[in-house]
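Subject: Handing over a structure

Hi there,

Here is the structure I promised to pass on to you. Have a look at it first, and then read on for what turned up in it.

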Amino acid sequence: MKNILRQLITDAANTAFDNKEFNSNEFAEFVIEEPKADAHGDLSTNFAMVNAKTQKMAPRQIAEILIRCIGNDHPMIEKAEIAGPGFINFFISTAAWYPVLSDIFEKDTRYGFSDMGKGQKVQVEFVSANPTGPLHVGHGRGAVVGDSVAALLSACGYDVHREYYINDAGKQIQTLGLSVFLRCQELDGKTVEFPEDCYQGDYIHDIAKALKDEKGDWIHTISENDAIAFCSGFAADRMIIRIRSVLNSLGIEFDNWYSEQALVDSGKVESVIQKFKDRDLIYEKDDALWFRTEPFGDEKDRVVVRNNGQSTYFASDIAYHQDKLDRGFDRIIDVWGADHHGYIPRIRASIAASGKDEKQFVVILTQLVNLLRKGIPVSMGKRSGHFVTLKEVIEEVGRDAVRFIFLTRHYDSPLDFDLEVAKQKTNDNPVYYVQYVHARISSIIKKAREENGITEITFNETAVAKITEPEELRLIKHLARYPETVCASAEFMEPHRVAFYLMELAADFHAYYNKHRVLTEDPVLAAGRLYLILAVQKVIRNGLTLLGVSAPDAM
RNA sequence: GCCCCCGUAGCUCAGUGGAUAGAGCAAUAGAUUCCUAAUCUAUGUGCCGCAAGUUCGAUUCUUGCCGGGGGCACCA
C-alpha cells in the first residue's frame, strides 16, 4: 500500500516538473506514515514540507500542485487533503484494503517475509557463556534476543548461522577441573581445603558424583595433574550438556558449537599472532606480547600473551573473529551482556588491523536483568552459588512468558524481571493476551466447522465485500502493516517491535470480538468474517513464531 | 577521572525530525441467557531529567550539566 502510494507521489512530482510547475526534479527524501488521528486519513506524507527548499516554494503550494497531478482517477485513493503546516493526508478506499487478506492467505506462513537480505550470509553468535556455571537470567535475555534476531534476519532473506562459542580453554576451565577434583576427594572421605576462588555451587558436587559413578576410583590411579586435567574436560562436557538442554527448553538450537580449545589446537591462534607480529602490530614489552589496538581507537594496547607464556582470552578472540570472517560471513553479530562493552573497541581494532571492514562486525549489548520477586531483588551472587538459575526461572514461569517478557523491552534498556508478575495470567503479562487471540479464533473456527458445517474458509468476493465495520477495517489496516514491522525489526535488530505490534493487533481483535459476532445468521457475512479472523490468526501465529513463542489452539 | 546505557503518567514500558506524546498495570463505574470474562467499554494522569544549540518544526539530533546502572586487569 505504501509502496504504491510512494510511486504515485513520485510520478506526480515528475509530472509537475515536466509541466514546469515544480522548479526542480531533485526531490528530498520523504516519508509515508500512518497518522495517529483518524481524521488525518489512512496515510500521510511530509513530501511538501521537506521539499520546501528544493522547490523554493511554500509547502502548502507544493501540496496543492502535487494533489492536482495525482488526480482523482486512481481507484485506491478516495481523497487527498492538505492539513496543518503542509501534510498531505490520503484516505484509502475500503475496497483497496481487501487484497491484504488474500495476500495473507496466499503467503500464509511466509506472510511478512522479504528478500531484504538478498541472501547475505550473517552469523549471530550469542549466549557463549563460560561452561563453568549454570546460566542465569542475564544469559537468558541474550539467548532470547539473539535467537529472535536470528529468526527475524532469516525471515528477511538473510542466510543466518547461529553459533555458540565455548570458552573451554584457559584458566577458568582449570579452576573448574580443580573444583571437581577436590569434591571427588571429599566423596572419598578426605578432608580438603576448598579454596574461595573455586566454584562453590552444588552443581560441582553433582558432576563429581557423576564422575565417580562413571569412572570409580580411576582418577586416583593417575597423577594429580592428569586427574585435574581429566576433571576439566569431563566437567566442561557436562556443563555444556546442561547449558544446551536449558537453551533447548527455551526453543533455542545452534547450528554450531565452536570450541576455543579446538581453535587453539588448530594453530590458528598462534598463526594469527605471528601474522600480526610480522606486521609489527604485536610487540614485546615487560616480557609480554601486546597488540597495538590504541591506534585503532582503543584506550590502550592490550596483552595477548602474558609474561608466563599463557595467551589471553583476547588472543583467542582475535583468531576467532578472523576465522568468522574467513568463513565468508558478510556480517557477524555478537550478542553480549552490557558488562562486556569495554571489549568492543579491541575486537573492532583487531578486525580493522587485519584490513577487513570493521562495519561487518556488529555488537548487540543487552542491558542487565534485575531478578525480583514481588518487587524485592533476588540475590545474584555468583561465587556463593546461591542464585536463581535460568533453568529454575523457566520451570517456574514457563518458556513462552520468559521469552515474551525479554522481548517486550528494547534490549538496550535495563529490565526488571519479577517472578510473581511473570506467572500471572493477567494483562500484566501480555503473552497470554496475544496467545488468547489465537486460541479464541481457533475456537470460533472449531465451532464453525462442528455446528455450522463450514469445512473450508476461502476467498469469496461477495463475502469479503461485507466486511465494512470500522473495527474490521482497523484490523485489516493493522494486518497490512505487519510486513514492514518485520522488516524494520530485522533492520534494527529489535525484536521488541514485533512484540508491541502483536499486542496492538491483539487489542484490536479483542475489541472487535466483544462488539461483533463472527458466526452470524447471515452465512455470507459469517464467511467474510471467518476469512478476516483467520487472516488475523495467521499473522498472530507468524509473529509469535518469530519471537519463539507458541500459538496455542486452546487455553 | 574516562567510556557505554538509561531518565517519558503513581508503577512497568513504547515512541529511528512531524500534527492534540501513547499502551498495559494500578484506581473508579459498568458489560457475559449469545463464537473462551486469560476479554471488553467508559473516566483522569505528563516542565518527555535540566539548560543551551541545530531548523519551518526537537521527546527524537549536538553539546554541557544533574540523577541511576554498568565497565575501565598480564581475569574470563
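Let me start with a parallel pair: strand S13 (residues 369–373) and strand S15 (residues 415–418) run parallel and are joined by four bridges. Helices (H or I, at least four residues) and strands (E, at least two) are DSSP runs numbered from the N terminus, and two strands pair if DSSP finds at least two bridges between them. Within this pair, leucine 372 has aspartate 418 in S15 as its bridge partner.

Before going further, a word on the source: this is a predicted model, in which local features need pLDDT of at least 70, side-chain atom pairs count only at pLDDT 80 or more, and totals for chains, interfaces and linings use all residues. Residues are numbered from 1 along each chain as its sequence is written, chains are lettered from A and ligands numbered from 1 in the order in which they are written, and side-chain values use heavy atoms, with hydrogens and water left out.

Back to S13, which also pairs with strand S14 (residues 376–377), here in the antiparallel sense and over two bridges. On this side leucine 372 stands opposite proline 377 in S14. The hairpin of S13 and S14 has two residues between the strands, and in it lysine 374 takes a positive phi near 50°.

The domains

Chain A is assigned domain 1 (2–92), domain 2 (99–114 + 427–547) and domain 3 (171–249); such bounds come from an automatic or database domain assignment. The centres of domain 1 and domain 3, taken over C-alpha atoms, are 70 Å apart.

The antiparallel sheet

One open sheet has four strands in the order S1-S2-S4-S3, and its pairing is antiparallel. At its edges stand strand S1 (32–33) and strand S3 (77–83), each with a single partner strand, so one side of each has no neighbour in the sheet. S3 runs antiparallel to strand S4 (residues 87–92), and six bridges join the two. Lysine 79 has phenylalanine 91 in S4 as its bridge partner.

Helix H4 (residues 59–70) lies across S3 and S4 and runs at about 170° to S3. For such angles, axes are lines fitted to C-alpha atoms, for helices over the stretch in contact, and the angles run from 0 to 180 degrees between N-to-C directions.

H4 also packs with helix H1 (residues 2–18), at an angle of about 105° and with the axes 8 Å apart. That makes H1 roughly perpendicular to H4 (under 35 degrees counts as roughly parallel, over 145 as roughly antiparallel, 65 to 115 as roughly perpendicular and the rest as oblique). Leu8, Ile9, Ala12, Ala13 and Ala16 in H1 are in contact (heavy atoms within 4.5 Å) with Ile65, Leu66, Cys69 and Ile70 in H4. By class, this contact of H1 with H4 has nine nonpolar residues, no polar and no charged ones. Here Ala, Val, Leu, Ile, Met, Phe, Trp, Tyr, Cys and Pro count as nonpolar, Asp, Glu, Lys and Arg as charged, and the others, Gly among them, as polar.

The parallel sheet

Another open sheet has five strands in the order S7-S6-S5-S11-S12, with parallel pairing. Strand S7 (256–259) and strand S12 (361–366) are the edge strands, and each pairs on one side only. From one strand to the next, the twist averages 25°. Strand S5 (residues 121–125) and strand S11 (residues 331–337) run parallel, joined by four bridges, and valine 122 stands opposite arginine 331 in S11.

Helix H13 lies across S11 and S12, running at about 170° to S12. The axes of H13 (residues 344–353) and helix H12 (residues 313–326) come within 10 Å and cross at roughly 50°. That makes H12 oblique to H13. In their contact, Phe314, Asp317, Ile318, His321, Gln322 and Leu325 of H12 meet Arg346, Ile347, Ser350 and Ile351 of H13. The residues of this contact divide into five nonpolar, three polar and two charged.

One more helix pair

Helix H5 (residues 99–107) packs with helix H19 (residues 470–480) at an angle of about 50°, and their axes are 9 Å apart. H5 and H19 are therefore oblique to each other. Val100, Leu101 and Ile104 in H5 meet Ile476, Leu479 and Ala480 in H19, a contact with six nonpolar residues, no polar and no charged ones.

Enjoy exploring it!

Best wishes
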